Amino acid sequence: MAEAEAKVDKKPEVKPPPGLKAIIDHLSQVYPEQPNPLQVTTLLKYWLGGQDPLDYISMYNHPGDMDRNIPPHWHYISFGLSDLHGDERVHLREEQVTRSGMGFELTFRLAKTRDELHQQLENPEKPQRPPTWPANLLQSIGRYCFQTGNGLCFGDNIPWRRSLDGSDTSKLQSLLVAQDPQLGCIETPFGTVDFCQIVGVFENELEQASRWNGRGVLNFLRQDVETGGDWLVTNMDRKMSVFELFPETLLNLQDDLEKQGSDLAGVNADFSFRELKPKKDVKEEVDFHALSEKCANEENNRPLNESLFKREEPSFPQSMSMSSNSLHKSCPLDFQPLAPNCISLDGIEITLAPNVAKYLLLAIKDRIRHGRHFTFKAQHLALTFVAESVTGSAVSRNEPYGVLGYWVQVLIPEDLVPRMLEDFRGAGLNETCEPTQRIELEWPDKNLKLIVDQPPPVLPPPVLPMSLDASSLKIS
């Protein structure tokens, strides 16, 4: 009888869900001496209505290995961008998709300060507490990924535009994305998970990463322990960029950029366009404002079950780059009508904001010239310049300008590229200075016109009264 009572009093063991357990088991192999690391936990989980998508962020104490250029540091790892539960409470399961959830988790390595290292030497038995601001940083990036549906890839760059730790002294105000050298990629019951390490960088390091490619700049940073070492450990006290420490790297980068072109495939940017009509044919009026208003109205009038998953506008740097190189694999838009028809334009006039003029030069010189494409993405619409060799586009040499749903595509023929670059130089466009005056460039034989000026604002669509019938509500 006593034995039976003992069994009744024993509490059942709570097992973690399979996706969470797979990551915990992986980390237990990497840090066997730290089975219970300090952890930042979200109080109200995202799937219960909370605002923070990362359920947990574990913080490990790494001793470093100076023989391998690895300084002592704190190692932060997120839980939540991959599918932890497998029951669709957060991530919908898709057929023939091999990744778990969004397919990645975030990590960050923060070098210990001199004070922390001194305290550790004086009292090695006293446990240390890591700073928690990196957890807030990862949570902000995770929130952006959830709200936009955009994933991160190795080599991506994030213009954070403010000190990572909120201080006024650190020069690290931007981020690159690398593969975590210790965690790599794992297989879980719900698919694969990559560990994307966030690396703090200087403004000029970000600038060169966006012009050339992030992986190349990351390789430069690995050269010396002061700039991160082999494991790209972020040192918030770093005073000099890799190009100041090793000036020859900038010359090597510029040579490679000229030979290979840029990996940057697009940026968020303000633009507008209108059709140039040399012919007298009466066609459907297509311009930026009409298309934006149509898109906004269609988004607002979508069924409720669709708008439940509508992506909110994230509080994230406006100029975050998109590094994808495949035009036919993904549309750069958050909302696009099903099976849209392509409307061919006789000609096109495009107005780009002055703050993205340098990317116009990059688009032609370092992307189109190398047979690639480049996208400017506004709130509702996207504008993509396409080289002749790019496959999967809706435009051709015979019909070089088209609108596919809310996606404007402009084919730049090979013979036009040198003329455009010469005209850019004549107009004073360069990679460093933002134009202070309106610039107009035109190629009449191509019926193409580019303007660098602030595009006119888009007026919001009128709000019309509407009634809700209870029978029309469907929550899936």
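L232 sits in the loop between α6 (214–221) and α7 (242–245). Phi of L232 is near 55°, a positive value in a residue other than glycine. Is L232 buried or exposed? L232 is buried, with a relative accessible area of 2% (buried means under 20%, exposed over 50%, and partly exposed in between, using a 1.4 Å probe and protein chains only).

A quick note on what you're looking at: this is a predicted model, where local features need pLDDT of at least 70, side-chain atom pairs count only at pLDDT 80 or more, and totals for chains, interfaces and linings use all residues. Residues are numbered from 1 along each chain as its sequence is written, and side-chain values use heavy atoms, with hydrogens and water left out.

## Q96, out in the open

Now hop over to Q96, in the loop between β3 (73–79) and β4 (99–111). Q96 isn't a glycine, yet its phi is positive, at about 60°. Q96 is exposed, and its relative accessible area is 84%.

## Where two helices meet

Take a look at helix α5 (residues 203–211) and helix α11 (residues 357–367): their axes come within 11 Å and cross at roughly 40°. Axes here are lines fitted to C-alpha atoms, for helices over the stretch in contact, and angles run from 0 to 180 degrees between N-to-C directions. The two helices are therefore oblique to each other (under 35 degrees counts as roughly parallel, over 145 as roughly antiparallel, 65 to 115 as roughly perpendicular, and the rest as oblique).

Which residues of α5 and α11 make the contact? On α5 they are E207, S210 and R211, and on α11 they are K358, Y359, L362 and D366; contact means heavy atoms within 4.5 Å. By class, the contact has two nonpolar residues, one polar and four charged (Ala, Val, Leu, Ile, Met, Phe, Trp, Tyr, Cys and Pro count as nonpolar, Asp, Glu, Lys and Arg as charged, and the others, Gly among them, as polar).

## The whole chain

Zooming out, the protein chain has 12 helices and 19 strands. Of its 476 residues, 47% are buried. Among contacts between residues at least 6 apart in sequence, 70% join residues at least 24 apart.

Note on methods. Helices (H or I, at least four residues) and strands (E, at least two) are DSSP runs, numbered from the N terminus.
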